[in-house]
Amino acid sequence: IRDEAENIIGTLSSGEDITARKAAEDILINTLEESQQRQTEISALLEGSHAVLKYHDFRSAAQSIFNSCKHLIGATSGYFALMSKDGTENEVVFLDSGGLSCQVDPRLPMPIRGLRAEAYHKKEAIYHNDFQNSEWVKFMPEGHTKLNNVLFAPIIAEDKVVGLLGLGNKPKGFNENNSCMAAAFADLAAIALTQKNAEEALRRSEMRYRSYIDVTEQLGWTTNAEGEVVEDMPSW
């Protein structure tokens, strides 16, 4: 705004309040990101489900399920372990150190203690994002890979904890959604373990049956009119 001498004496401005529009755009973006995340999670769970049917042995199925879980959550290391028969130790099915040095022999049983024991006793997934400064770090064996954060999800079959899915060293740490997803993959592992055990029991039963047939085919017997066996005799 100028006066009669063309000197600027003020300004005239107009504007539009876009606060509501910006808020709506933010909501839309967040909704889209959440939808994409749900799609990613569903795809990973389907991939893990296919592993249950694809592999005939538990180790292969468990490793495939673990890989899907690790990639989804963004952890860099972890393992699958099953509880020993006496219920005092973890027996490692396989270990993924994430490329870091680990001098601990994975074939050695791991005592169920520390944060692992919490997951076993509570029957729920549990995580810690400052593991090196936690009370649990003292239970780590010498030479073990350094863990900045950890997440443990129990594998539960017939209401009993039979194993553990462990994840570690996720950049920026774990969260509640990671905990829920790890629990879902642990459930897939429980299904795989139950199915593979049933398949193995069926194979053993079939072998015993075939063995029985092989033996009985070498025998002969005589029956009376009522179908009662009256004499056994070898067929040779």
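Because the model is predicted, local features need a pLDDT of at least 70 and side-chain atom pairs count only at pLDDT 80 or more, whereas totals for chains, interfaces and linings use all residues. Residues are numbered from 1 along each chain as its sequence is written, and side-chain values use heavy atoms, with hydrogens and water left out.

The secondary structure of the protein chain comes to four helices and eight strands, where helices (H or I, at least four residues) and strands (E, at least two) are DSSP runs numbered from the N terminus. Read along the sequence, these elements follow the pattern α-α-β-β-β-α-β-β-β-α-β-β. Of the 236 residues in the protein chain, 32% are buried; buried means under 20% relative accessible area, exposed means over 50%, and partly exposed lies in between (1.4 Å probe, protein chains only). The accessible surface of the protein chain, computed by the Shrake-Rupley method with a 1.4 Å probe, and for residues with only the protein chains shown counting as cover, comes to about 15400 Å², of which 53% belongs to carbon and sulfur atoms. Among contacts (heavy atoms within 4.5 Å) between residues at least 6 apart in sequence, 54% join residues at least 24 apart.

The 16 residues of α2 should span 22 Å at 1.5 Å a residue, and the end C-alpha atoms are 22 Å apart, which agrees; the expected span is 1.5 Å times one less than the number of residues in the helix. The buried residues of α2 include Phe58, Ile65, Phe66, Lys70 and Leu72. After the helix comes glycine 74, whose phi is positive, near 95 degrees.

The structure holds four aromatic pairs, a pair being rings of Phe, Tyr or Trp (its six-membered ring) with centres within 6.5 Å, counted as stacked when the planes are under 30 degrees apart, edge-to-face when over 60 and tilted for the rest. In the case of phenylalanine 66 and phenylalanine 94, the ring centres are 5.2 Å apart and the planes stand at 80 degrees, so the pair is edge-to-face. This pair links distant parts of the chain, with phenylalanine 66 in α2 (residues 58-73) and phenylalanine 94 in β2 (residues 89-96), 28 residues apart. Both phenylalanine 66 and phenylalanine 94 are buried, and ring pairs link Phe66, Phe80 and Phe94 into a cluster.

A charged pair joins the two elements as well. The side chains of lysine 70 and aspartate 96 meet in a salt bridge at 2.6 Å, N to O, a salt bridge being a side-chain nitrogen of Lys or Arg within 4 Å of a carboxyl oxygen of Asp or Glu. Here lysine 70 lies in helix α2 and aspartate 96 in strand β2, 26 residues apart, and both lysine 70 and aspartate 96 are buried.

Serine 77, in strand β1 (residues 77-83), is buried at a relative accessible area of 5%. Leaving aside neighbours within four places in sequence, serine 77 is in contact with residues including Phe66, Lys70, Asp96, Leu147 and Asn169.

Alanine 44 brings helix α1 into the picture. This residue counts as buried, at 8% relative accessibility, and its C-alpha atom is separated by 6.7 Å from that of leucine 72, 28 residues away along the chain. Beyond its neighbours within four places in sequence, alanine 44 is in contact with Ser68, Leu72 and Phe185.

Aspartate 159 forms one with lysine 123, the closest N and O atoms being 3.8 Å apart. Aspartate 159 lies in the loop between β5 (150-157) and β6 (160-168), and lysine 123 in the loop between α3 (114-122) and β4 (126-128), so the pair ties together parts that are 36 residues apart in sequence. Aspartate 159 is exposed, with a relative accessible area of 58%, whereas lysine 123 is partly exposed at 37%.
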